[in-house]
Amino acid sequence: MLLIYLSSGLLLGWSLGANDAANVFGTAVGTRMVRFRTAAIICSLFVIIGAVISGAGATHTLGNLGSVNAMAGAFMVALSAAVTVWLMTRWMLPVSTSQAIVGAIIGWNLFTGSRTDIGSLTKIVTTWIASPILAAFFAIVLFLIFRQIFNRTPIHLLRWDAYIRAALIIVGAFGSYSLGANNIANVIGVFVPVAPFSDVDIGGIIHISGSQKLFLLGGIAISIGVFTYSHRVMQTVGHSLFKLSPITALAVVLSHAIVLFLFASEKLASLLISIGLPPLPLVPVSSSQAIVGAIIGIAIFKGIRGIKYNVLGGIALGWVTTPIIAGVITFISLFFLQNVFYLEVSREMVYKVDQSVIEKLASKGIIQEGFQDIKARRFRNPTRFEMELRNNTDLTQTERRLVMNYARVDSIYVDEFLLATKIPPDWFTKDQKASLQKLKGEHFAYPWEFADSLRALSPDWHLKPDSREYRVFNRELEMKLEYLQNTFRADNSHSE
Amino acid sequence: MPLLFKSTKILESQIDDFLDAISQGGLVFKEGVKSYLECEDETFERRIEAIKKLENKADDLRRQIENQLYTHSLIPEHRGDVLGLLENLDDVIDTIKKTLVNFSIEAPDIPVSINRDFLELTEMSVMATDKIVNAARAFFKDISAVKDHLHKVLFYEKEADRIEERLNRKVFRMDIELGLRLHTSRFAFNISRIADVAEGVADRLNIYTIKRTV
């Protein structure tokens, strides 16, 4: 059943592999600088590595936009995105998987009444506009550098040819890595909150999280797309769409890879923070738009007239139509899934502000008279709850988000059977395991109550100060807590 | 990848050998014309043999290079241009060989008084050949230097034209048979044609260079 649900994501991965791999290696293969076999092997390998190692960053942003919390819902979101990509490709319109999936998630949000996080949406849309512009900028700079080197360095033409081949392969590998890291979120991101993959610990050294297993699956789907279908697309890219010289191709592909990398690398984001610069948002961007941006950048720089404005118009139109079509398809198909097939497309989100929540919020400095008006009322719809908060309190948006976080009811029961079977022995410290044992048989209405109880029992559950050196530690700790919350969610319980 | 670099190295030296053959062909031609005009028959025949060998060598190398470029699909973007360049350079040594062999076949009775003009004309054509070989070498190794050689090719071609015209005026004012005048003039034309062919290669090379630098 799980594989059937995942199949739509894997289909999306396949189409991403078939289409977007061509952006990375199309010019190299189309101009016969690199053989298709070489390109396909390198591309697949690095897409998978990128997805597994750095796939989490952009996935997190998609998760913030709307956390699709039921398997059937996630299936439909990915399927609608895949259908949109297929439709747009058939209508010969430029399409981006990123835009399709974002549209589909918003469709799910609308259907289920979940709130769409405007902050995340703004971040995503801004990045979509920024990424082609950035790609154009990088392409021009790289092109200038390469041209200088090429025209000034007395190296034999044939040796240049060999160097450029090598460079195209290296840049292609980097591009594939970035594509995997940035776009895996589109393929499999919606399944991350719902897929029941547990974490694996290999000898206490390598820890593969459940989501990394999903990323691996998605990466493999992309690879299959690369091997089975991308050859044709590469030939098209290399021959008919744009005739690029190998040096221009190198500049274009490298700038595309840099842009995708910038919007996917968590390490880079934390590096920017550490030197006091604002970090770039980690957002799945469209690989095609980055490529198109880079090419147009070079075209404008070279002063080439005859930029096809209708093509540009088509791309811009795709920006608007893709998310809308995907959203509409998702909305309609979710309706059928829920009312015809009686499948659960979303898990009910319940919010309740009771005394413990009010006290907890007070400890965080959030004190509002208005909490009394909504106290003990159950809200089954996040949008509704947020509206009530807006009407009854004068909280800022960030504070409202915090309140929603603390008021979300998600019962946790520390089940004895699950405790014995589902806790990877090497992943948790001795103290952490001991504190878990002490909570055996306990009930918690709110996830934060569970985390607080653990913290009270062992200092090993305490987050360290938010600084660069502790960032990895803190993330790891949050991952452990999230894993426990998912494992001990009351509906997973065996003894109840 | 190491295989790629190795085949590249072999090909590089083949291209160098090809260009050397053209350049040597020019030098042998100059010596050949000189020995013909000075009636050194034995040396002249040796030169003819030498130039035939060089022409054959250039032909073989050109074929090998073309085969290699296509089998390893090297420099896909410039392959056509490189093939064009090599074939046109081959025309230069072809013209050189034919001209010298014609001296042997037709044995023109060139008036001694214009020997100096013939030698001067030969010198200009050979210089044009030499410069086009330099330009071609730069096209492979140092693209920014191509233009430095190309304008010299054009200069020597013009010089060759000028000397050819001067030579013809002299010949047609001589008190000799019309047949001999025409025969001498044709040989002057043939020698000058070498520079013309070199100029043709220069024109193409100019375009190839522009294509490579944009």
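**Ground rules**

I am working with a predicted model, in which local features need pLDDT of at least 70 and side-chain atom pairs count only at pLDDT 80 or more, while totals for chains, interfaces and linings use all residues. Residues are numbered from 1 along each chain as its sequence is written, chains are lettered from A and ligands numbered from 1 in the order in which they are written, and side-chain values use heavy atoms, with hydrogens and water left out.

**Chain A overall**

I noted 20 helices and seven strands in chain A. Both are DSSP runs numbered from the N terminus: helices are H or I with at least four residues, strands are E with at least two. Of the 496 residues in chain A, 53% are buried. Buried means under 20% relative accessible area, exposed over 50%, and partly exposed in between, with a 1.4 Å probe and protein chains only. I then looked at contacts, meaning heavy atoms within 4.5 Å. Among those in chain A with a separation of 6 or more, 80% come from residues 24 or more positions apart.

**Aromatic pairs**

I found 19 aromatic pairs over all chains. Rings of Phe, Tyr and Trp (its six-membered ring) pair if their centres lie within 6.5 Å; planes under 30 degrees apart count as stacked, over 60 as edge-to-face and the rest as tilted. One of the pairs is Y351(A) with F385(A), which is stacked, at 5.0 Å centre to centre and 15° between the planes. Y351(A) lies in strand β3 (residues 350–352) of chain A and F385(A) in helix α15 (residues 382–392) of chain A, so this pair ties together parts that are 34 residues apart in sequence. I checked burial too: Y351(A) and F385(A) are both buried. In chain B, ring pairs link Y36(B), F44(B), F103(B) and F187(B) into a cluster.

**A helix pair in chain A**

I looked at α18 (residues 430–438) and α19 (residues 447–457) of chain A, which pack at about 120° with their axes 9 Å apart. Axes are lines fitted to C-alpha atoms, for helices over the stretch in contact, and angles run from 0 to 180 degrees between N-to-C directions. The contact is made by S435(A), L436(A) and K438(A) of α18(A) with F450(A), L454(A) and L457(A) of α19(A).

Is E55(B) buried or exposed? I have E55(B) as buried, because its relative accessibility is 6%. E55(B) sits in helix α2 (residues 41–71) of chain B. Leaving out residues up to four places away in sequence, E55(B) touches I93(B), D94(B) and K97(B).

I also looked at phi values. Most residues other than glycine have a negative phi. C39(B) has a positive phi, near 60°, and is found in the loop between α1 (2–37) and α2 of chain B. C39(B) counts as exposed, at 60% relative accessibility. A107(B) has a positive phi as well, near 40°. A107(B) is in the loop between α3 (79–106) and α4 (115–141) of chain B, and is partly exposed at 45%.

My last entry is L180(B), in helix α6 (residues 178–213) of chain B. C-alpha to C-alpha, L180(B) and Q64(B) are 43 Å apart in space, and 116 residues apart in sequence.
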